[in-house]
Amino acid sequence: MSSPENPGDGLEAPRTNPAVRHRLSRLLDPPILFSGLTVLFLAVIWTATLNLTAREHEAANRRDAALTVDTANTYEAQVLRALREIDNTLKLVRYRLDQGPATEALDDLRSRELLPPEYLFTVTIVDARRRVVASTHPDTAGDMPVMDYFQLLREDDGMIIGLPRRDPESEEWRLWFSRRIEPAGQQYSGAVAVSVHAGYFVSGYEAEALGERGVLGLVGTDGVFRVRRTGDDVSAGTTTDYDALVPEEAADNETAEVRLNPWDDTRRYTVARKLFDFPLAIVVGLSEAEHHAEVAVIERTYMWRAAGASLLVILVMAVLGRMSWQLHKARNRAMEERVAHAQRVEYLAYHDNLTDLPNRALFSRLLTQGMQQARRYDKRLALLFLDLDRFKAINDSLGHEAGDELLQEVSRRLIASVRESDIVARLGGDEFVILLPEINDGTQAAPVADKILAAVNKPFSLAGQDFRISVSIGVALFPVDGEDEQTLMKHADIAMYHAKEEGKNNFQFYSEELNSDSLERLALESSMRNALENDEFRLFYQSKQDMATGRIIGMEALLRWQHPDLGLIAPMKFIPLAEENGLIVPIGRWVLNTACRQNVAWQEEGFPKLSMAVNLSARQFLDENLLDDVKSALHESGMAPELLELEITESMIMHDMPRTIRLLRELKKMRIRIAIDDFGTGYSSLSTLKEFPLDTIKIDGSFIRDVADSAEDRGLTEAVIAVGKSLSLTVVAEGVESLQQADFLRAHSCDQFQGFYINKPMAAEEFASSVREQLRDKV
Amino acid sequence: MINPVRTLRGMLSGLLLGFAAAAAAEVVVVVSSQNPVEALSRAQLADIYLGRLHRFPNGDPVIPIDQKERSPAHDEFYSEYLGQSPAQVKQHWSKLIFTGRGQPPRSVSDDLAAAETVAGNPNAIGYLDAGLVDDRLRIIAIE
């Protein structure tokens with residue numbers, strides 16, 4: 001159970017965690033991590049080093065103080081012993097003097113080795129008038145120092161320690177120790193003295209312990225240094241402030257403090273100690289600077305080590321940091337590549353890979369956005385639905401590569417035809433859509449559509465050929481023609497189909513009527529799929545008559561659709577649809593088979609050898625199985641091939657001429673006749689026309705219609721007939737509706753004609769009876 | 001072996017000491033002829049005279065006999081054989097005596113006294129002018 005007081009606890013934790021985690025991950029960034037570690041290591045190294053040197057310093061202090069005290073203790077003992085030995089000698093000599101003369105006494109003592117080594121010590125005996133009476137040193141001359149003498153007079157008993165005196169001969173300082181001679185019960189009668197060179201008392205100076213700047217010395221209570229040594233430098237006779245130097249009483253746990261020694265202005269660990277029983281004090285000192293120099297060397301060593309370690313740490317960290325940074329970068333790069341890949345994948349998902357235009361999915365999104373914008377700012381949109389005319393034929397004849405190239409060129413032209421803010425997308429196949437998001441009223445779309453038509457109409461150069469294509473455009477407006485994507489698209493599509501029906505290469509705005517037309521078309525298309533099975537197609541036949549004799553010489557089979565609901569449907573209405581959805585091929589096959597069978601049936605009934613003309617659609621003509629279909633139709637029906645005439649249009653043969661020629665030759669080999677339908681409406685050149693193995697040309701009804709009124713059409717018709725004649729072709733006039741027309745054609749030696757004037761298309765039965773009638777008339 | 005350089009130096013120092021010493025005194029190290037020691041190294045000799053060695057190499061105790069300071073043989077002996085000045089020797093003994101670690105050798109007044117003392121004690125070793133060496137003494141080689 002969570003406590004009711006803190007209901008937010010559970011939510012709070014995950015909310016703060018990402019921030020903390022983010023900060024932590026920031027810390028793990030190589031530059032920060034390694035800088036931090038470096039600083040940490042350096043801090044550790046230097047803290048340890050400084051700590052160590054401080055300790056070293058302290059230890060050195062203690063060591064030096066202790067060493068000074070130790071040295072002082074040793075020195076004190078040595079001085080005391082030396083002084084006592086000297087005093088003992090004095091006492092011994094004085095004692096011996098009681099038993100004989102001075103010279104004898106000294107010789108006796110010396111021979112018994114009771115005197116100190118003459119090497120260093122000189123024993124001298126003076127009389128009451130300070131004259132030397134005996135000496136161990138033969139050269140000792142002159143008198144006893146006068147100061148000592150007066151002191152001797154004053155002191156009753158005890159050793160007098162004289163002031164240091166410089167030996168005039170050897171220039172060395174000497175110290176005199178003396179005692180008065182008082183034979184028992186007598187007055188002062190002289191003195192015995194021991195002199196020794198002052199350096200003797202400081203010969204224990206050890207450079208190892210005291211260094212070059214230490215001090216070892218004896219100072220009298222009078223403040224006069226009896227001797228003092230620093231390094232190899234021995235001096236004597238200088239004075240100092242005794243009270244300041246030597247403490248009154250030696251403490252038990254005496255320590256050596258650093259003091260400034262006034263005689264040579266040197267700071268030393270100094271011990272000064274009054275000697276027991278003698279008016280002297282020892283002075284021992286260790287130079288602070290000198291000893292610190294040793295510590296300083298150690299400290300410097302530590303510092304260098306620390307510096308070396310620091311450098312190593314920095315180097316290692318730099319190397320590690322660099323490696324880590326590179327790793328980081330590589331990881332980032334991999335991440336970027338992944339993102340780029342994802343972006344690429346997304347791009348591919350939303351773009352047509354052939355033209356790089358937005359695809360249907362992206363366009364759908366853009367359209368939805370556009371509609372939202374338009375709704376918010378109360379604007380209009382125009383949606384243009386484009387479908388290339390004849391694209392399938394091009395794709396089939398020139399190949400997919402050429403088709404793709406064409407689509408790319410078209411997309412470039414489309415983009416060039418609109419503003420940058422307009423959106424061009426490819427929905428697939430040859431369908432494009434264009435969204436014009438910034439228009440205020442529908443009429444603004446018209447110039448754009450015109451521009452697009454013109455752009456697409458410019459000739460293309462593909463696979464080494466120049467040719468033209470066109471596009472049909474349907475325009476739907478938002479919001480009047482639809483307020484949602486689906487409706488708008490559907491209505492633009494409907495408008496586009498209308499443009500197709502209007503002869504292609506144009507644009508149409510959507511309207512409600514179009515919608516109903518379109519519904520009809522949709523119904524047709526769906527019912528067409530079942531029409532073959534349901535046997536809803538019918539063939540009508542229109543007779544073809546000889547111009548001169550007026551006899552029926554053949555017929556043209558015409559397709560009609562007997563729709564169960566809509567009644568009879570004209571080919572104009574459904575054949576384009578069938579062309580588009582490809583049903584024209586099976587339908588065409590059915591037409592061929594039915595026409596052939598009908599022809600044979602009539603032959604068997606006893607009809608004359610009437611020719612049967614069958615129209616081939618463009619799609620059928622391009623179909624690979626055409627020859628097989630024709631063969632099987634003839635074979636199954638048993639129809640004579642020379643009675644079959646296949647009608648094709650000019651535009652069909654002009655497309656891929658080598659193939660057409662090959663195909664036509666194959667057909668000719670089968671003895672099938674070939675007719676060019678609607679001759680004059682296309683733009684076939686006469687020179688190429690003769691390349692084809694043709695039998696018949698059929699003059700288009702539009703020329704014939706106005707032949708009575710239009711001199712121009714008359715001229716054209718005459719010319720066409722002349723061309724046909726010169727190429728030895730049968731010339732057929734279509735759509736002959738009046739006597740005048742027939743007369744004109746007859747006058748110009750047209751071979752055959754067909755049209756309402758004689759015969760309109762009729763169902764098989766009707767046609768048969770009309771033929772029978774004519775046959776009877778003839779008979 | 002007598003080094004000619006040393007001989008020359010000895011001669012020079014003899015000259016410096018005075019024209020009276022026309023005998024060009026050469027100081028030699030001697031022991032009693034009863035002493036079996038034939039030779040000593042320079043270092044052994046120095047150790048004996050500086051109080052650091054108290055026995056001959058064969059284990060017998062050694063008693064070094066010195067001569068008085070400032071006698072001709074003394075100075076020459078110390079400078080020639082020990083390579084020490086009188087002041088250095090004095091400082092050495094000064095320190096040893098002061099610190100209580102030794103006593104200097106007994107010293108006699110001259111070469112004759114040295115000859116007598118050494119001849120009278122098989123454990124003694126001394127130095128004197130080569131001209132004063134007799135049957136009772138034996139010169140030992142210093143290598």
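In this predicted model, strand β14(A) runs antiparallel to β15 (residues 431-439) of chain A and is joined to it by five bridges. Within this pairing, A:Ile423 lies opposite A:Leu435 of β15(A). Strands are DSSP runs of E with at least two residues, helices are runs of H or I with at least four, and both are numbered from the N terminus; two strands pair if DSSP finds at least two bridges between them.

The two strands belong to an open, mixed sheet of five strands in chain A, ordered β14-β15-β13-β18-β19. Because β14 (423-428) and β19 (507-509) of chain A are edge strands with a single partner strand each, one side of each is left without a neighbour in the sheet. On average, neighbouring strands of this sheet are turned by 20 degrees against each other, direction ignored.

Helix α8(A) packs on the sheet, and its direction makes about 20 degrees with that of β15(A). Axes are lines fitted to C-alpha atoms, for helices over the stretch in contact, and angles run from 0 to 180 degrees between N-to-C directions. Contact means that C-beta atoms, placed from the backbone, lie within 7 Å.

| Element of chain A | Residues |
|---|---|
| α8, packing on the sheet | 360-377 |
| β13, touched by α8 | 380-388 |
| β18, touched by α8 | 471-478 |

Chain A has 24 helices and 29 strands. Eleven of its residues are in contact with twelve residues of chain B.

Residues are numbered from 1 along each chain as its sequence is written, and chains are lettered from A and ligands numbered from 1 in the order in which they are written. Local features need pLDDT of at least 70, side-chain atom pairs count only at pLDDT 80 or more, and totals for chains, interfaces and linings use all residues.

Terms used: Two residues are in contact if their C-beta atoms, placed from the backbone, lie within 7 Å.
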